[in-house]
Amino acid sequence: MFKYVAATGCTILTVGFGGTVQAQSITANPQQAEPLVIAQGLQPLTGDTNGRSRFSIGVSGNVGITGDTAMGESSFSINSRIGLTDSLSVRPSVGLTSDPNITVPLTIDFPTGADTDIEDSVTPYIGGGIVITTGDNGQVAPMATVGLDIPIADAFGASISVDAGFLDTTQVGASVGVSYSF
């Protein structure tokens, strides 16, 4: 049996296996109607979720701990966060040096739920992904990251992170930055 709800009204058509068709018209008070749930799973990206914006862009300074790439040397980076769900984000960034590198980690975010007067919460995260180095010896390798997003004002925040890239030699860097959420 197949049911079709017409988009322009409240008519339900029921088609049986024998080819019989039944039409049933109903009237509903739109203020009492419940939202239509199509499927369970990821919710669409609709901006603010649980007090956190899904998207941000920022800048940070990196202090290299070990290595010779933008991750392992002192550098400047442009970073972002793309929230896929309440607890899953992609955090791409570009480390700017003479040989830039690109990181694309997928992180699990742990919002504290402690909403503040600026409607945001401190969010620790951990994850992994890839690092792409450029230059004469460009490589693609796995990476790991751990960090903390801290609200400062309505749409502004600070971030602290430690990244490790597993190239020919392990690259480790710690960064501190600011971001704008939208």
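Tutor: Asp149 and Arg91 are both buried, where buried means under 20% relative accessible area, exposed means over 50%, and partly exposed is in between (1.4 Å probe, protein chains only). Their side chains meet in a salt bridge at 3.0 Å, N to O; the term stands for a side-chain nitrogen of Lys or Arg within 4 Å of a carboxyl oxygen of Asp or Glu. Asp149 sits in strand 10 and Arg91 in the loop between strand 6 and strand 7, so this pair ties together parts that are 58 residues apart in sequence. Strands here are DSSP runs (E, at least two residues), numbered from the N terminus.

A word on what you're looking at: this is a predicted model, in which local features need pLDDT of at least 70 and side-chain atom pairs count only at pLDDT 80 or more, while totals for chains, interfaces and linings use all residues. Residues are numbered from 1 along each chain as its sequence is written, and side-chain values use heavy atoms, with hydrogens and water left out.

Back to Arg91, which also meets Asp109 in a salt bridge, 3.2 Å from N to O. Arg91 is in the loop between strand 6 (88-90) and strand 7 (93-96) and Asp109 is in strand 8 (residues 101-109), so this pair ties together parts 18 residues apart in sequence. Asp109 is buried, as is Arg91.

Asp149 has another partner too: its side chain meets that of Arg81 in a salt bridge (3.9 Å, N to O). This pair links distant parts of the chain, with Asp149 in strand 10 and Arg81 in strand 5 (residues 75-85), 68 residues apart. Arg81 and Asp149 are both buried.

Asp136 counts as exposed because its relative accessibility is 83%.

Last, have a look at Ser161 in strand 11 (residues 156-166). Ser161 counts as buried because its relative accessibility is 9%. Leaving aside residues up to four places away in sequence, Ser161 touches Tyr125, Thr145, Val146, Gly147, Gly173, Ala174 and Ser175, a contact being heavy atoms within 4.5 Å.

Note on methods. Helices (H or I, at least four residues) and strands (E, at least two) are DSSP runs, numbered from the N terminus.
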